[in-house]
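This report concerns a structure and its charged contacts, cavities and surface. The sequence and coordinates are shown first.

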Amino acid sequence: MRIAIIDDSGLRATILEEGLREAGFEEIDVVPPHGAFVARLERMAPDVVLMNLGNANRDSLEEMLAVSRALARPIAMFVDQSDESMIGAAIDAGVSAYVVDGLRKDRVKPVLELAIRRFNAFSKLQGELDAARTELAERKTVDRAKAILMQSRGLSEPEAYALLRTTAMRQGRRIAEVADALITAADLLGDGR
Amino acid sequence: MTPLSIAFLPLTDAAPLIAARERGFAEAEGIALSLIRDTSWATVRDRLVYGQVQAAHMLAPLAVAVTLGLSQAPCAIAAPFKLNDNGNALTLSRELAAALDPDLRRRIADPEATAHDFAAAIGLHRRKPVLGIVHRYSSHALMLRYWLGYAGVNPDRDVSLRVLPPSLMTQALRLGEIDGFIAGEPWSSVAVAEGIGEIAAVGVNIWRRGVEKVLATRTDWAESNPDTLDQLLRALDRAAAWCDDPANHADLAALLARPDYVGQPADLLRQALAGRISLVQEGEPVAVPEFLVFHGGAANFPWRSQALWIYSQFLRWDMVEPSPEAQAASAGVFRSDLYRRALAGSGVALPGASSKVEGALAIPLAAASHQGSLTLSPDQFFDGKPFDPQDIPGYLRTLKQN
């Protein structure tokens, strides 16, 4: 079975492609949705096309599939319209699938299940990356706020941190938020550096 | 409170949905409304068809196409409320626009002359003009085809129509991938403000009452949730009236400008709301009355004849095979019965009929109504041809004479 992945996210496409290869699918092509990508699709004549649901180019792709012969026969989203739970899981995961009409359900289902799992894995990974990035940014903010307190009030580093923490607890806010407010105030007062 | 999710695309004409949520109209009807922003009509359609949302902001022709199975597997769609009339503009690259009348006001005021000028310019352009449309089954695409067809241009042969998401039109125009596009606001205003295109035609001057977006639900959902649907339609009726009121335009433009809604500058969004449109960069805004209508002149009433006009255009451009079943299914997408049920007793004027000859009114007309007083607005097509829903083959023959 020939599978095309239309994606411009290198990481997501890689995660999906690896999963498909591990599951024994060999004919896989990753096609970024730019320029003459439908011409490439036509040449490879895929049985299944997988795409990110949030991709703004879905309408362009559907139009091109409608007027070109990229897929040999009429196409259908998903495998079996009656399989609502799988369709729901696919939409939740952000996968859209175009399948050549008439392809057997038992052949397509594992591909779609795998795509759903891999899209979810990608989202989780991205969430972790975002969290790590936020944490790093917050640590920098707290460090800067500590430095301001140490300089302006002559506190030691543990004392400055303790002051931020008790203020945050008293106000029911996060330490990073208090630190951010302190930096803004210090900037306004002209002694933030 | 009944929770309800509605999918939308970032466009000015999503305003009634946004106002319903943000200005308390939904809440007053007991609806906790969440709005889900998407980037493609395909995704809005899939969310609606597969039940992830209960309703959607949708292109009227797409609602008909989904019902007929022209766009993926068939699914019966009900459109009980039109979110707006009009609101589109055709923007051309400066190179292509140079072939048109240099008087910008005359250009948009006289779409017949501009269509002929455009037809003459096609052969002189350095390539077959590539025009961006937002979807095969969009109101804008049907309007563009109608306008081109008037001047003897075959839109499937003499120009290349290319589907692009509205938010990517300006970039494609800047890069020279397209030579123009027709889309809803604010995208023409954005292209003009950036100096990469000129507005060559406005939708309201092609069809004075052009059917645009509808509120779409699955028919089975509408039938099994009558009370919720009635509440939603009442909320939208009030939200649409609020959106039409000039006193609210500054507030509405600021609301739409938020990054979670349209995410474009408020002053650009306000042009369409106020009907004062800049046609070229730094140009003096031109008054275009009824450029975008949310409520006035029974704009929200889903006339079955308007769904049939859409069907007639599908036939004209070979998008569907003619059949009595397809015709009945198309007419049945516009649910004037549900609109009437929801707004009975609300003081909103309800037309006595559900179908009319489209494009026959040159001046405002007081019409028969069940409650309130109803004045229908002029609704002519620019070529003056009326559409009689009782005689679709006859109508298609008159269009062929162009």
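The model is predicted: local features need pLDDT of at least 70 and side-chain atom pairs count only at pLDDT 80 or more, whereas totals for chains, interfaces and linings use all residues. Residues are numbered from 1 along each chain as its sequence is written, chains are lettered from A and ligands numbered from 1 in the order in which they are written, and side-chain values use heavy atoms, with hydrogens and water left out.

**Salt bridges**

Over all chains, the structure holds 48 salt bridges (a side-chain nitrogen of Lys or Arg within 4 Å of a carboxyl oxygen of Asp or Glu). The table lists examples.

| Pair | N to O distance |
|---|---|
| Glu62(A) and Arg45(B) | 2.7 Å |
| Glu138(A) and Arg174(A) | 2.2 Å |
| Glu198(B) and Arg107(B) | 2.9 Å |

In the salt bridge of Glu62(A) with Arg45(B), Glu62(A) lies in helix H3 (residues 58-67) of chain A and Arg45(B) in helix H3 (residues 41-49) of chain B, so the pair joins two chains. Helices (H or I, at least four residues) and strands (E, at least two) are DSSP runs, numbered from the N terminus. Both Glu62(A) and Arg45(B) are buried (under 20% relative accessible area; exposed is over 50% and partly exposed in between, with a 1.4 Å probe and protein chains only).

Glu138(A) is in helix H5 of chain A and Arg174(A) in the loop between helix H6 (157-171) and helix H7 (175-189), so the pair ties together parts that are 36 residues apart in sequence. Glu138(A) is partly exposed at 25% relative accessibility, as is Arg174(A) at 42%.

Within chain B, Glu198(B) forms a salt bridge with Arg107(B). Strand E10 (residues 198-202) holds Glu198(B) and helix H6 (residues 104-109) holds Arg107(B), so parts 91 residues apart in sequence are tied together. Both residues, Glu198(B) and Arg107(B), are buried.

**Cavities**

A search of the whole structure finds 4 cavities of 30 Å³ or more, and the largest cavity has a volume of about 90 Å³. On a 1 Å grid over the protein atoms alone, a cavity is a set of points where a 1.4 Å probe fits but cannot get out, and lining residues have an atom within 4 Å of a point. Of the 13 residues that line the largest cavity, the closest to its centre are Arg209(B), Gly297(B), Trp303(B), Gln306(B) and Lys356(B).

Notes
1 Å grid on protein atoms, 1.4 Å probe; cavity = no way out; pocket = protein on both sides within 12 Å on 5 of 7 lines; lining within 4 Å. Points joined across faces, edges and corners; volume = space filled by probe spheres on them.
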